[in-house]
Every structure is written in structure tokens, then in C-alpha cells.
Amino acid sequence: MSTYSLSDGIASGAPRLSRAPVLASWLRESGVGVLAGVAWIAFGLSCLWWEDLGDWSRTHSLGIAAFIVAAIALFGTVGADYLGSAGKALRQRAPWLVALGAFLTLWEVATAKFAWLPLPFFPPPQSIIEVYTDDLPKLLDSVFASVKLQLGGYLIGATVGFLTGVSIGWSRAVGYWVHPVLRFIGPLPATAWLPIAFFTFPSSWSASTFLIALATGFPVTVLTWSGVASVSNAYYDVARTLGAKPSFLVLKVAIPAALPHVFVGLFMGLGSSFAVLVVAEMIGVKAGLGWYLQWAQGWAAYANMYAALIVMALLCSGAITLLFAIRDRLLVWQKGTVKW
Amino acid sequence: MVTALAEIATPPAAGAALDIEQVSHAFDIDGAELPVLSDVSLSVEPGEFVALLGPSGCGKSTLLRLVAGLDKPKAGTLREDEVRIARPHPSRVVVFQDPTLFPWRTVWDNVALGLEAQGVLKSQRHRVDDALDLVGLSDFRTAYPHQLSGGMAQRVALARALVNDPKILILDEPLGKLDSLTRITMQAELVSLWQRKGFTTLLVTHDAEEALVLANRVIVFSDRPARVKADIRVDRPYPRHRGDPYLADLRRQILGLLGLDATW
Ligand SMILES: Nc1ncnc2c1ncn2[C@@H]1O[C@H](COP(=O)(O)OP(=O)(O)OP(=O)(O)O)[C@@H](O)[C@H]1O
Ligand SMILES: [Mg+2]
């Protein structure tokens, strides 16, 4: 009996509901896209409608660019079904486009148009764009200098840290000598060495490389060491009964088994080396984004500071993303790893 | 051409003799001594299939570790073909109670481990494929251990041992995790493999029936510290049948030795 009434209910309910779900699903899929378009049109209008309070040259271009983004958001999400994976990706990001458009509109109005926020400290979007267009060579030089310094220091620190960690984990004799040194010096923030490093090293560049390597090396060493030390004896037993020599045990058992730990160390090292990089550039090195920030502050060029901060954030995030990609490649065998 | 020559050049691996002479072993647990093996003597002929039965925790796995050369006994000696066992050697390969596959290696790479460690993988890749075929896991060669079932992992561990053509194959409950059907198939495989290759086999099992279907000889150990309680010959041709009254009789006898006479 109950089955009959159930199917009856479904049969009678179906025709009444048939129009609403179509509309609802259209709204769900494209509504946000339309909203994103509206938000960016609002941003464009906010740029062009009122006169700027200050003297900025990119306001007009920014407004046009906002309209272009609006058009892409609108047609991209509404017509997503014809655009394949790109359309799908755009649809997924539509809520973010709405938020971004709304934020930029608010920012534009609050700074360039009505100065609700005190002006020199809170520059409008167009002045940051202006930095990217007009001060590009200097900014690029800084990016290049920062990347070079960071990459060199990080690679040296990671390599030395990894080798030290494996040696301590593997050899009692090495552990006996290195462990106390590591315990004494390791926890000291690398920046504490700054004053000494800058007058003992031949150049500020080599001093900074050393400090970045130091900041990277400590976490990499400790985690590699703990990774190697925690490898289950059962793996060594298996390898030994199959005829493995000590070199095989280190290279093909200990290191691969410790690799997940090593990557935790590499991530921690990356974070702390960024901090050292910026401080070193602000204090000693006459190049790089940290120096650019310092320089911009000296000239009260707040737009340049924000522009440099955005680039710095992108670079750091990009470095972490790259490290995640490498880890995912090397540790495919692990299940359930965190997605960045 | 080259591989064919190599096969002719290597003589068929025959079994080795194993002599366990008055071996005793103990562990230190928080300063207190825990005796595990007490004066165990056992002489295994080349090519014999010996099953070791005993209560849980009596010291069977410990004895196998001594035979493998992973640990040194507190007293007594172990010899392989008259040579004292001092360290592990690929002529004695162990299939451990846990499969302990390397999680960072694919199934194929796990099986290739021994050949790689001995530096002969390049010329002998086909042996890895053959071993995988043997345990029926050729389709899973690129899978990682976490993608395998417990029984499949156990079979990979078996393939990883067999690929080395051991003289003494040491098995610590290798079929314990298999379902009864796969288990029976694998038992038959094991016997035919043993007959073909002629290696000496040491098999620890909890299952008296399994011991009787597979082995020439069944050793029953006492409770910890393990002593040899009985040494039973099983003179029956292969393939053996589970319903064989002779085996049923021996089984009753063995279960009696393990302290189960009242119920059986
Ligand atoms: N590394 C070790 N350190 C201390 N004690 C150990 C160690 N290995 C084994 N033992 C002890 O030795 C005894 C025998 O262990 P063993 O693993 O040989 O038993 P087993 O006969 O294989 O048991 P099961 O059939 O359950 O596998 C146990 O009581 C165990 O607690
Ligand atoms: Mg055991």
C-alpha cells in the first residue's frame, strides 16, 4: 500500500515542478556569472563616472579593462557549456570574481573618488597599475635579484641540510659530533646572525646567501634526520635478507622512506628563508624586493609598496606551489596528501 | 641469446642443508631476561620441506630470524651447508609475517628489489615478470602497495622472495592473510614450485592441516621458551588430499601435542 501512495505522489508532483528546476539550475549555474559581470561593470563605472581626486594616468584604461573582464565573466559563464574545461573553470571561480569585483569597486570609490581612506597611505587601484606600467624595469630588476638570492641560498641550505640529516640519522659517530652543535645553534633565528654575517663575509650578497641557507638548513636537517631515524627496521631486514649492501640501505631504503619528512622540512625551510630574504634585502643588500620596499617607503611611494607586496606574495605562493608540485610528483605513492 | 646462455650457465638452484645446533636465545625486556628459545637442535636435509608449529609467541619467528642471519643466537650455532650463518645472505630469503612491501615502490619494483640489491637486475628483468606471473599479479605491476588487498600484498612478498632463487626459503605464515580459496591454490603452487626448484623450505604456520598437506616433516614446539616437542615425518606422496585418513590421524596427534586433545 505504502509503495502505491509513494509512486502516486511522485507522479503527481513531477509536472508541477518541471519548470522550476530548470530555472533554478540555470540560476545556480549562470546566476553567479551574471553577478560577476555586474560586479565588474560596477567597478568599471566607478572608475569612469566620477572625476579622480588625484592625478592618475591609468584610470581610464583600468575602467576599460574592468569592462573587458566583465564581458569575459558574463559570456564565459553563461556560455560555459560551449567552452569546455575553460568554461567550467571559469564557472567554478565565478563567486571569487563577484567578491573581487565588489572589493575593487569599494576600493576605487573609497580612495580615488571620495577619499574616505586617507589618500597617500591608501592608494587607489589605478596608481598600483601605474607602478606596474611605469616602474616596470626597476621592479623586474628587483624580482630578478630576489629570486636569484633566494634560489641560491635555498638550494645550498636544502642540500647541506639534507646531507647532514641523512648522515646524523645514519651514522652514530656523525650524530655524536653534529647533534650538540645543531641543538645549540639551530634554534637561533638566522636573522640574529645578520650583523656578524655582514662584516665577516666578503659581500652582502654572500652573507645573505649564507643566512638564507642557514634558515633553510636547520628545519631540513632536523626533519631529514627524524625521517631517517624513524624508518622501520622491518624495511632494513627485508633489504638485508635480499642481499642489500649498506649503500643500498641508505640510498634505496632510508632516503625514500624518509622523503615525506624531508618535504615537511623543505616547506618549513622555505617559509623561514623568505623572512630572512626580506630582512637581509632591507638591511644590507642593495637590490631585491625587500630593498624596493624600503626604498619606496623612503620616498613615501605607497603605491610602489603595495605593488611590490603583491609581487612578493605571488612569488612566495608560486614557490610553495612549485614545491608542492615536486612533492606530489615524488610522493605519488602516498595516499591522501594535502592539496595546496 | 644472452639470457638463454645465462640460464644454462647458472646451475639449477638446489636446496642447502641447514643445521641448528643447541641454539638458545633470549631477549632483554626492561632489564629482565625473557628466554625465547631453549636448546633447539634441528637438522634439515637439502630440499626438505619442514613445517614449524607451535603456540603463539613461543619463538618461531625468532628462530627464523636466526636462520636468516638477522640476529645472532645467545648460544649455539646455525650452519648452512656446513658454513656458519653470521649475516643475511640472499641464498636464504625470508617471507615475513607482515608483507612489509616498500610503499614507495610499485609492485614490480618491490619484486625486483633482490635482483637490484645484488646488481643483476639489468640482465634478469624477465625473472621479475615470471615471479609476478607465478603469483598471478601481472596486471598489478604498476600498482602501489596501498592499492593492494592484504592477500595480494602477501603474494607480492612471496614473489619478491622467489625471484631470488633461494637455497633456503623461509616462510613466516605467508598464507595467513589469504582467503581459504586463494590459500589452497597458493599451497599447491608452493608445493609444485618446491618440487621443481628443489629449495629447502622452512614454513611457520598455525594451521596443522596446512603443515601436513605441504611438509615432509613437522616440528612441534613447546610453549615459550620453545623446545622441540615432536619431530614428525610425513611420508605421503604429493599432491596430498585433505581427507586422507593418515593425515587426519597425524593431525589429531599434533593437536594433542599443542594441548587440544580433549576437544578433538
Ligand atoms: N625484538 C624483540 N624484543 C623483545 N622481545 C621480543 C622481540 N621479538 C620477539 N620477542 C618476544 O619473543 C617471544 C617470541 O616471539 P616470536 O615473534 O618469535 O613468536 P612467534 O612464535 O613467532 O609467535 P606468533 O606465532 O604469534 O607469530 C614473544 O614473547 C615476544 O614478546
Ligand atoms: Mg611469528
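S61(B) is partly exposed in this predicted model, its relative accessible area being 28%. Through its OG atom this serine is one of the protein donors of the magnesium ion (ligand 2), together with OE1 of Q97(B), at distances of 1.9 to 2.4 Å from the ion. S61(B) belongs to helix α2 (residues 60–68) of chain B, whereas Q97(B) sits in the loop between β6 (92–95) and α3 (107–111), so the pair ties together parts that are 36 residues apart in sequence. Q97(B) also counts as partly exposed, at 37% relative accessibility.

Of the 264 residues of chain B, 51% are classed as buried. Among contacts in chain B with a separation of 6 or more, 67% join residues 24 or more positions apart. The accessible surface of chain B amounts to about 12200 Å², and carbon and sulfur atoms contribute 53% of it. Chain B has 30 positive and 34 negative charges, whose mean positions are 2 Å apart.

Most residues other than glycine have a negative phi, and most peptide bonds are trans. Against that background, the peptide bond from R224(B) to P225(B) is cis, with omega near -5°; P225(B) lies in the loop between β9 (217–221) and β10 (228–233). The bond from Y238(B) to P239(B) is likewise cis, with omega near -10°, and P239(B) is placed in the loop between β10 and α9 (245–257).

E82(B) has a phi of about 70° and occupies the loop between β4 (75–80) and β5 (83–84). Its relative accessible area of 61% makes E82(B) exposed. D165(B), with phi near 50°, is located in the loop between α6 (150–162) and β7 (168–172). This aspartate is partly exposed, at 31% relative accessible area.

Chain A is built from 13 helices and zero strands. Its radius of gyration is 28 Å, well over the 20 Å that the globule rule gives for 340 residues, so chain A is more spread out than a compact globule. The C-alpha trace spans about 80 × 80 × 30 Å along its principal axes. Within chain A, 41% of the 340 residues count as buried, and 70% of the contacts with a separation of 6 or more are between residues 24 or more positions apart. Chain A exposes about 19100 Å², with 73% of this area supplied by carbon and sulfur atoms. It has 20 positive and 14 negative side chains, and the centres of the two sets lie 18 Å apart.

One position in chain A illustrates how a helix is placed among other parts of the chain. G153(A) lies in helix α6 (residues 136–170) and is buried, with 0% relative accessibility. From G153(A) to L136(A), 17 residues away in sequence, the C-alpha to C-alpha distance is 26 Å. Leaving aside neighbours within four places in sequence, G153(A) is in contact with T209(A), I212(A) and A213(A).

Definitions and conventions. Residues are numbered from 1 along each chain as its sequence is written. Chains are lettered from A and ligands numbered from 1 in the order in which they are written. Side-chain values use heavy atoms; hydrogens and water are left out. Helices (H or I, at least four residues) and strands (E, at least two) are DSSP runs, numbered from the N terminus. The radius of gyration is taken over C-alpha atoms; the globule rule is 2.2 Å times the number of residues to the power 0.38. Buried means under 20% relative accessible area, exposed over 50%, partly exposed in between (1.4 Å probe, protein chains only). Contact means heavy atoms within 4.5 Å. Accessible areas come from the Shrake-Rupley method with a 1.4 Å probe; for residues, only the protein chains shown count as cover. Lys and Arg count as positive and Asp and Glu as negative; His and the chain ends are not counted. The place of a charge is taken as NZ of Lys, CZ of Arg, CG of Asp or CD of Glu. Donors are N, O and S atoms within 2.8 Å of the metal (3.2 Å for Na, K and Ca); water is not among the atoms, so sites may look incomplete.
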